[in-house]
Amino acid sequence: MDFFRAIETRHSVRAFSEKPVEEKKLRSILEAINRAPSAGNLQAFEVYLVTADRDKARLARAASDQEFIGQAPLVLVFCAHPARSAVRYHQRGEKLYAVQDATIACTFAMLAATALGLSSVWVGAFDELIVSQIVGSPGGQIPVAILPVGEAAETPRVRPRRSLDDLVHLI
Ligand SMILES: Cc1cc2nc3c(=O)[nH]c(=O)nc-3n(C[C@H](O)[C@H](O)[C@H](O)COP(=O)(O)O)c2cc1C
């Protein structure tokens, strides 16, 4: 799929079919994640891949019962890994770059999923501590986004955007 078509056609989907994500597509999403830029190329993030029903259901509960997380065949959890960035960038790496690295990686995953004909939704509302426990991430890592991925089982609503005049400031 053309890049701009992927940008235009990506919409948050909150109902998924049970069909598993094909191995080849999963691999492409993971490769896209690994191509994401990061501060100093330190890749200060980790990705946890969740497919077991029990764990997905626990993630849904940790995210204020957003049940669609349990429905998606594949759930990716992106964690910032501040210590990796702090080695070179100290406080700025720890507080900012690691979070940016993780969120850019999640964005790459979203767009790759769209390009492959899959759907997703960025989930940011969850209990960090419980999500860390579910994925078994070591202390210090911070879960920043949960990304359920799969085939859409709904037609997503197209959300409006601000006008460019409002958003962009010519200085
Ligand atoms: C940082 C962030 C956190 C979000 N958290 C949630 C969430 O917890 N649950 C949810 O259903 N959608 C969540 N979303 C999805 C947004 O609601 C959605 O992207 C926005 O309404 C625009 O719709 P679109 O993605 O279809 O363009 C989140 C998106 C972002 C970027």
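**A loop residue and its surroundings in the account**

A: S64 counts as exposed, because its relative accessibility is 60% and the cut-off for exposed is over 50%. The model is predicted. S64 sits in the loop that runs between helix 3 (53–62) and helix 4 (68–71). Its backbone stands out: S64 is not a glycine, yet its phi is positive, at about 55°. Most residues other than glycine have a negative phi.

H90 has a positive phi as well, about 50°, and is not a glycine either. H90, however, belongs to helix 5 (residues 82–115). H90 is exposed, with a relative accessible area of 54%.

Exposure also matters for the charged surface. R14, R157, R159 and R161 gather there in a patch of positive charge. One of these, R161, lies in the loop between strand 4 (142–150) and helix 7 (164–167). R161 is exposed, at 63% relative accessible area.

In one, the ring centres of F3 and F4 are 5.3 Å apart and the planes stand at 80°, so the pair is edge-to-face. F3 is partly exposed, with a relative accessible area of 48%, whereas F4 is exposed, with 56%. The rings of Y89 and Y97 also form an edge-to-face pair, because their planes are at 80°, with centres 5.1 Å apart. Y89 is partly exposed, with a relative accessible area of 27%.

Terms used
Residues are numbered from 1 along each chain as its sequence is written. This is a predicted model: local features need pLDDT of at least 70, side-chain atom pairs count only at pLDDT 80 or more; totals for chains, interfaces and linings use all residues. Side-chain values use heavy atoms; hydrogens and water are left out. Patches are made of residues with over 30% relative accessible area and no salt bridge: like charges are joined within 9 Å, nonpolar side chains (Val, Leu, Ile, Met, Phe, Trp, Tyr) within 5 Å. Accessible areas come from the Shrake-Rupley method with a 1.4 Å probe; for residues, only the protein chains shown count as cover. A salt bridge is a side-chain nitrogen of Lys or Arg within 4 Å of a carboxyl oxygen of Asp or Glu. Lys and Arg count as positive and Asp and Glu as negative; His and the chain ends are not counted. The place of a charge is taken as NZ of Lys, CZ of Arg, CG of Asp or CD of Glu. Helices (H or I, at least four residues) and strands (E, at least two) are DSSP runs, numbered from the N terminus. Buried means under 20% relative accessible area, exposed over 50%, partly exposed in between (1.4 Å probe, protein chains only). Rings of Phe, Tyr and Trp (its six-membered ring) pair if their centres lie within 6.5 Å; planes under 30 degrees apart count as stacked, over 60 as edge-to-face and the rest as tilted.
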